[in-house]
Amino acid sequence: MKVECFLFIVATLFVAVLSATTHKHTHSSNKERMEDGSYSPKNAHHFDGGEHHSEFDHEAILGSVKEAEEFDNLTPEEAQRRLSVLVLKMDLNTDGFIDRHELKAWILRSFRMLSQEEANERFQDVDENGDGQASWHEYMKDTYGLESEFEVRDSDEQYAEEESKLIQDDKVMFKAADKNGDELLSPEEFVVFLSPEEHPEMLPLILEQTLREKDKDGDGKIDFKEFVGDSAKHHDKEWLLVEKNRFDNEHDKDGDGVLNGNEILAWVVPSNEDVASDEVDHLFASSDDDHDDRLSHEEIITNYETFVGSEATDYGDQLQNIQHFSDEL
């Protein structure tokens, strides 16, 4: 679901300080976590101050880094013209309006295409010999700049330990994604490896790795102290109170004071369904000018900056076909 150029990981499941001087590529963004431990980017709805992240809106509608970047240089008229083509595709029942179900379906499709596009781009980087398969050695070399997982490259003990954790977690995911056991990942298998949070069969591994990283007392659960982790050392009492409220009211569904099983997964792997529903609510609140709980084509195009803006991100196949679709019209 790439995306914001690979956030700094702080006290999360995959804790690391990834240096641009020692990595050819930063670690794959789907493996990195926001400060609270959740996967990025589909969870990156808002900035730290609560302001809605406008680029997320654009990703949810456009879905291709390459194509959406073109919007940076488009005139308003051209941006509206291209958006009008997409609006026709969103309107599944062709009634002239986009209802909540149609918009959610579109956004969920965007998420799938975002993951596929990211995987395709990364696969091309990793597949060094061009044989259409990604080996563990190729992935190690491309992602970490290492010929072997056992190679000692950094004298910083903490850095080396953190990187070792990342590598071992990746190796477990790589093996699990290798369905036919040939020690190579096909493009289809690579999608599963790169976005394990979107594939149910990989969720037990995510849970296991989360517990190994966060469950300090080894009881198979995560209490509030483990939830905030080392981040608590760098924040004040007010921050702790906010986090405690979030822990109690958002994550601890059964109210037993700890997170376990599905509660942990709901925390670290935000549901695409839930994120899409939130995004639908936001887009309707921003664009449903006549408050009739549906978006006319005109309302979307008038509010084009909300939907595609001047900085878009991830939705390739949709916009790659826009010219062909326009010609058919």
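How many residues has helix 3 (residues 76-90), and how far does helix 3 reach from its first C-alpha to its last? Helix 3 has 15 residues and reaches 20 Å, close to the 21 Å expected at 1.5 Å a residue; the expected span is 1.5 Å times one less than the number of residues. The model is predicted, so local features need pLDDT of at least 70 and side-chain atom pairs count only at pLDDT 80 or more, while totals for chains, interfaces and linings use all residues. Residues are numbered from 1 along each chain as its sequence is written, and side-chain values use heavy atoms, with hydrogens and water left out.

**Figure 1. Overview of the protein.** The protein has 16 helices and four strands. Helices (H or I, at least four residues) and strands (E, at least two) are DSSP runs, numbered from the N terminus. Of the 329 residues, 50% are buried; buried means under 20% relative accessible area, exposed over 50%, and partly exposed in between (1.4 Å probe, protein chains only). The protein exposes about 16000 Å², and carbon and sulfur atoms supply 50% of this area. Accessible areas come from the Shrake-Rupley method with a 1.4 Å probe, and for residues only the protein chains shown count as cover.

**Figure 2. Helix 3 against helix 4.** The axes of helix 3 and helix 4 are 10 Å apart, and the two helices pack at an angle of about 110°. Helix 3 is therefore roughly perpendicular to helix 4. Axes are lines fitted to C-alpha atoms, for helices over the stretch in contact, and angles run from 0 to 180 degrees between N-to-C directions. Angles under 35 degrees count as roughly parallel, over 145 as roughly antiparallel, 65 to 115 as roughly perpendicular and the rest as oblique. From helix 3, Leu86, Lys89 and Met90 meet Glu102, Leu103 and Trp106 of helix 4; contact means heavy atoms within 4.5 Å. The buried residues of helix 3 are Ala79, Arg82, Leu83, Val85, Leu86, Val87 and Met90.

Figure 3. Thr94 sits in the loop between helix 3 and strand 1 (97-98). Thr94 counts as exposed because its relative accessibility is 68%. Its phi is positive, about 50°, although Thr94 is not a glycine. Most residues other than glycine have a negative phi.

**Figure 4. Helix 4 against helix 5.** Helix 4 and helix 5 pack with their axes 9 Å apart, at an angle of about 100°. This angle makes helix 4 roughly perpendicular to helix 5. Arg122, Asp125 and Val126 in helix 4 meet Glu138, Tyr139, Asp142 and Thr143 in helix 5. Arg122 counts as buried because its relative accessibility is 6%.

**Figure 5. The nonpolar cores.** A nonpolar core is a set of buried Ala, Val, Leu, Ile, Met, Phe, Trp, Tyr and Cys residues joined through side-chain atoms within 4.5 Å. The largest core has 37 residues, of which Phe190, Phe193 and Phe227 touch the most other members. Helices that each supply at least two residues of this core include helix 4 (100-126), helix 6 (157-177), helix 7 (187-194) and helix 10 (237-251). A second, separate core has 25 residues, among them Met90, Ile107, Leu283 and Phe307.

**Figure 6. Contacts of Phe190.** Leaving aside neighbours within four places in sequence, Phe190 is in contact with Ala119, Arg122, Phe123, Val126, Ala134 and Leu185. Arg122 and Phe190 are 68 residues apart in sequence, and their C-alpha atoms are 9.0 Å apart in space.

**Figure 7. Ser135 and Glu183.** Ser135 lies in strand 2 (residues 134-135) and counts as buried because its relative accessibility is 16%. Not counting residues up to four places away in sequence, Ser135 touches Phe174, Glu183 and Leu184. Glu183 is in the loop between helix 6 and strand 3 (184-185) and, at 63% relative accessibility, counts as exposed. Glu183 has a positive phi of about 65° although Glu183 is not a glycine.

**Figure 8. Ser186 and its contacts.** Ser186 is in the loop between strand 3 and helix 7. Ser186 is buried, with a relative accessible area of 13%. Ser186 touches Phe123, Gly132 and Gln133, not counting residues up to four places away in sequence. The C-alpha atoms of Ser186 and Gln133 are separated by 5.0 Å, although the two residues are 53 residues apart along the chain.
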